[in-house]
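Take a look at the model below. The walk-through that follows goes from one local feature to the next.

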Amino acid sequence: MTLLHWATVSPFLLAIFIPILYKYTRSIHTGWFVLVLPLVLFGYFLSLLPITSNGGVIHETIPWVPSLGINFTVYVDGLSLLFALLITGIGTLVALYSIYYLSKKTEKLNNFYVYLLMFMGAMLGVVLSDNLIVLYVFWELTSLASSLLISYWFHREKSTYGAQKSMLITVFGGFAMLGGFSLLYVITGTFSIREIIEQADAVLASTLFLPAMLLVLLGAFTKSAQFPFHIWLPDAMEAPTPVSAYLHSATMVKAGLYLVSRLTPVFGGTPEWFWLLAGFGIITLCWGSISAVRQKDLKSILAFSTISQLGLIMCLFGLGSATLHFDPTDSTTKFYATATLAAVFHLINHATFKGSLFMTVGIIDHETGTRDIRKLGGLMAIMPVTFTVSLIGLAAMAGLPPFNGFLSKEMFFSGVVNATTLGIFNMETWGFLFPVLAWVASVFTFVYCAIMFFRTFTGEFKKENYDVHVHEAPMGMLISPVILGSLVVIFGLFPNLLTYTIIEPAVTAILGADVFGGEANIYLWHGFNPELFMTIAVVAFGTLIFMNMKKWQQTAFYLRERDPLNRVYDSSLDWLIKGSQGITRVQMTGMLRDYFAYMCVFMILLFGYTMVRYNAFAIDTVNVSVISPYMWVLTLVFIGSTLAIPFINHRITAIIVVGVIGFLLALFFVIFRAPDLALTQLLVETVTVVLFMLAFYHLPELRKEKFTPRFNLVNLFISIGVGGLVTLIALSSFALGTEAGLGTISEYFIENSKELAGGYNMVNVILVDFRGLDTLLEVLVLGIAALGVIAMIKLRMTGREDV
Amino acid sequence: MKNNSFKSNEVMLHTVTRIVTFIILSFSVYLFFAGHNDPGGGFIGGLMTASAFLLMYLAFDMDSIKKALPFNFTALIAIGLLLAIFTGVSSMLAGDPFLTQYFRYFQLPILGETELTTALPFDLGIYLVVIGIALTIILTIAEDDA
């Protein structure tokens, strides 16, 4: 285990001690113990920054299941380090924020911090793993931790609903992803991402390329809340706000983006990858931003806003992957790689401003008791710090200068505009859609940012709307949003602070080549170009729409808040439960005769099919023995009495006829020269008839003797089928056995019964000597049967007694 | 086993039973010993013995037969099984596989040259188990009044 491995699993190790710390140090908020770890980890990952900035990588392996090619390999390059810094950095701030957000008196902090640390460790594992299976394990752990955190207030129905929904959707995707990983293993013979990237050509040439890609993308899309799998994210807002800020804005929802960017060197450069990513990304972007406008709850707005921003990043990753189609070292390629650069930059920016926005919304919720924009208003003067941080965050999200959102939005516009000139993948036909849709989505983004801002902070303060005394949050709660807010400004004013240290190495890792060659520059002011005019138009149109809000506020579009896709989810879940219950009800009738019919029908079909399929029917009349007249008579009587049983109305008569059949069988044994069998059969049959009589004697008085066998055509067919099939199999096996010349081992017994075992009764010698073990176990069966009878009759337990 | 209000005199049945039981028992013992060379054996012998006992139970009342046959039939199952298993294990002590049977001819005082085999105790075990289970099952059901 290297230091890096310890760093990855350290959150899990700390999580073990949290319940103990919680129990024995009740006076100190448990969060303080947690806070230290992400801070230390953040510092540690920062110390790795110089290595990746210079293009270096760290690659450490410890074997886990080496025979299956599964090893706990950590791989640090620009991309994973970027995510690791996000996870630990924002993790630190969220831990700090949660200390003031969650009361140590009323909340179960031990649960909260165990889940949070579990999530942090899982997330670090996802971004640092080089092995696909290890990545999958951590991936599912994030799903699990996320569900636990969403249902943190598990006594609320909405929390458990949201947790179940997110679990079902993300685990569905995760499972599909595992399928994709397995296919990649089938193609390349390795689980290591490094080695798969080296064999990228083999993957592209394989027939399994498309299924593998689709399955992996299903995992990425469900995790990153892409259309139409985004519906779990708004319902996940029932989680405590620190969780929403951490998981559902900055880290977990970006796991899908991480996976997509990580596997771009494998799948990138193909039209399928390009169109799926860019297409779904742009649809998600528009859908999310339009849905966000009509939300009335602050966290719901942020949830849909997160969805739309994730779509934006996904779209950019898709557009950027086109770079791999060309020679990466070519100077023109830089032009298209802008999209990837923008994606990475926006990824960072989104984590900063969205994290701060969630925290400020949490503060508003905490201090006013509501998140409903119809109740809020006029908080500007009451909460000056919250107001300032929100303003910065919202301006960045809307894409206004001089904040970092402006820069990434401009780069996004250049990315989509550049992409129209690609000239491959049918972009000359459909490429114009990207700038148009991107622009429309940006207008709506501007509108919901404006709604959030003006509805919360401006207007009139109505005291009667709040149950609590409204005041500014305590210092501790404000530290984290203020830090994130400052980062928004700093990254906006000095974007190149990040460019060479983090963004460029990440882009290099995604595109697999140093495209920019250290010349990627991000400027706050880049002259009068189409992108700037697009932004100006966005602001103008957005303002226009917001000004006319009163008009469209009454339309059905605004009033219907829930995403229509939820109806699909709810009804399909309903249908699934009802359908499976229905199917179970149809087949599990609870009646023994139905199950018996199933078994018989299945047997007929299985054996019948096998016999027909292998043409195994054979009837041979040459090798049969001569049948003597009294055998004919006996057989006819035997068949006659058997056929009579179903038509007998009286049970007692039926018992006697069954006895007759038994005695006839004994007679058969006599004829076929089996004296031991005949003796045993006679005695056993007598005992059986006596026991039948006993059972008959104890039948309840009611309905006595009123027994008419009911006629059922299906049963008739089934029984004829079973009888016919068994007869045919017996005849065929006899014929085929004779044909194949299968001999008998009885010669050996005949010869050796006296010599080896000293007895003339061959049957008995076989029973006690040659195959004595069978006899031993058969009497054991008899003994158990006797004990069973005793237990059933003597132990009369009532109610819920137990032995 | 219904309790009638008056007791009928079943002297015929009692007398016949007294004689027949001995015949059946002797026959069952014959069947048991004949098994090695002629039809018969532990299973049939056991069933036959059980039917002799049953006849006694049918003819007389339960209590007196319980006094006459003071066996615990359930324990008989265990004894029989143990006997059969030990016969098998004994061959292992001699270094042979489980359940290897041996036989040898001996000159016995009255019977003359007789074959003695380890299959006999094994068969005896089966004989005891069969008696045990047949009587256990039927008596348990018969005694059940509930």
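**Two hairpins to start**

A hairpin joins strand E1(B) to strand E2(B) through three residues. This is a predicted model. Find strand E1 at residues 103-108 of chain B. Its partner, strand E2, spans residues 112-117 of chain B. The two strands run antiparallel, and six bridges join them. Pick out one pair to see how they face each other: B:Tyr105 stands opposite B:Glu115 in E2(B).

Now turn to chain A. Here strand E1 covers residues 58-65. Seven bridges join E1(A) to E2(A), and these strands run antiparallel. One pair to look for is A:Pro63, which stands opposite A:Asn71 in E2(A). The hairpin of E1(A) and E2(A) has four residues between the strands. A:Gly69 in this hairpin takes a positive phi near 75°.

Stay with strand E2 of chain A, which spans residues 70-76. Which way do its residues point? A:Ile70, A:Phe72, A:Val74 and A:Val76 point one way from E2(A). A:Asn71, A:Thr73 and A:Tyr75 point the other way. Are they buried or exposed? All are buried, on both sides. Seven of the seven residues of E2(A) are buried, so the strand is largely enclosed by the rest of the structure.

**Backbone exceptions**

Most residues other than glycine have a negative phi, and most peptide bonds are trans. Some places in this model depart from that pattern.

Start with B:Leu99. This residue has a positive phi of about 65°, although it is not a glycine. Where is B:Leu99 found? B:Leu99 is in the loop between helix H4 (73-93) and strand E1 (103-108) of chain B. Its relative accessibility is 7%, so B:Leu99 counts as buried.

A:Arg673 also has a positive phi, of about 60°, and is not a glycine. Look for A:Arg673 in the loop between helix H28 (651-671) and helix H29 (675-697) of chain A. Is A:Arg673 buried or exposed? A:Arg673 is exposed, because its relative accessible area is 76%.

Next comes a peptide bond. A:Phe227 and A:Pro228 are joined by a cis peptide bond, with omega about 0°. A:Pro228 sits in the loop between helix H9 (209-223) and helix H10 (232-235) of chain A.

**Helices in chain A**

Find helix H16 (residues 384-398) and helix H17 (residues 404-419) of chain A. Their axes come within 6 Å and cross at roughly 5°. An angle under 35 degrees counts as roughly parallel, so H16(A) is roughly parallel to H17(A). Which residues make the contact? H16(A) brings A:Ala396, A:Met397 and A:Ala398. H17(A) brings A:Asn404, A:Gly405, A:Phe406 and A:Lys409. The residues of this contact divide into four nonpolar, two polar and one charged.

Move on to helix H3 (residues 78-101) of chain A, which holds A:Leu93. A:Leu93 counts as buried, because its relative accessibility is 11%. What does A:Leu93 touch, leaving out residues up to four places away in sequence? A:Leu93 touches A:Met359, A:Ser480, A:Ile483 and A:Leu484. Compare A:Gly56, 37 residues apart from A:Leu93 along the chain. The C-alpha atoms of these two residues are separated by 29 Å.

Helix H15 (residues 333-368) of chain A contains A:Asp365. A:Asp365 is charged. At 17% relative accessibility, A:Asp365 counts as buried, because buried means under 20%. Leaving aside neighbours within four places in sequence, A:Asp365 is in contact with A:Tyr101, A:Thr370 and A:Arg371.

**What the record says about chain B**

Finish with annotations from an unreviewed UniProt entry. UniProt lists residues 12-135 of chain B for "domain: Na+/H+ antiporter MnhB subunit-related protein". In the model, this span is 69% helix and 10% strand. Its end C-alpha atoms lie 25 Å apart.

The UniProt annotation "transmembrane region" covers residues 12-34, 40-60, 72-94 and 124-142 of chain B. Take residues 40-60 of chain B: this span is 86% helix and 0% strand, and its end C-alpha atoms lie 29 Å apart. Residues 72-94 of chain B are 91% helix and 0% strand, with end C-alpha atoms 33 Å apart.

Notes. Residues are numbered from 1 along each chain as its sequence is written. Chains are lettered from A and ligands numbered from 1 in the order in which they are written. This is a predicted model: local features need pLDDT of at least 70, side-chain atom pairs count only at pLDDT 80 or more; totals for chains, interfaces and linings use all residues. Side-chain values use heavy atoms; hydrogens and water are left out. Axes are lines fitted to C-alpha atoms, for helices over the stretch in contact, and angles run from 0 to 180 degrees between N-to-C directions. Angles under 35 degrees count as roughly parallel, over 145 as roughly antiparallel, 65 to 115 as roughly perpendicular and the rest as oblique. Contact means heavy atoms within 4.5 Å. Buried means under 20% relative accessible area, exposed over 50%, partly exposed in between (1.4 Å probe, protein chains only). Two strands pair if DSSP finds at least two bridges between them. UniProt positions are given in the numbering used here, feature names are shortened, and annotations may be inferred rather than shown by experiment.
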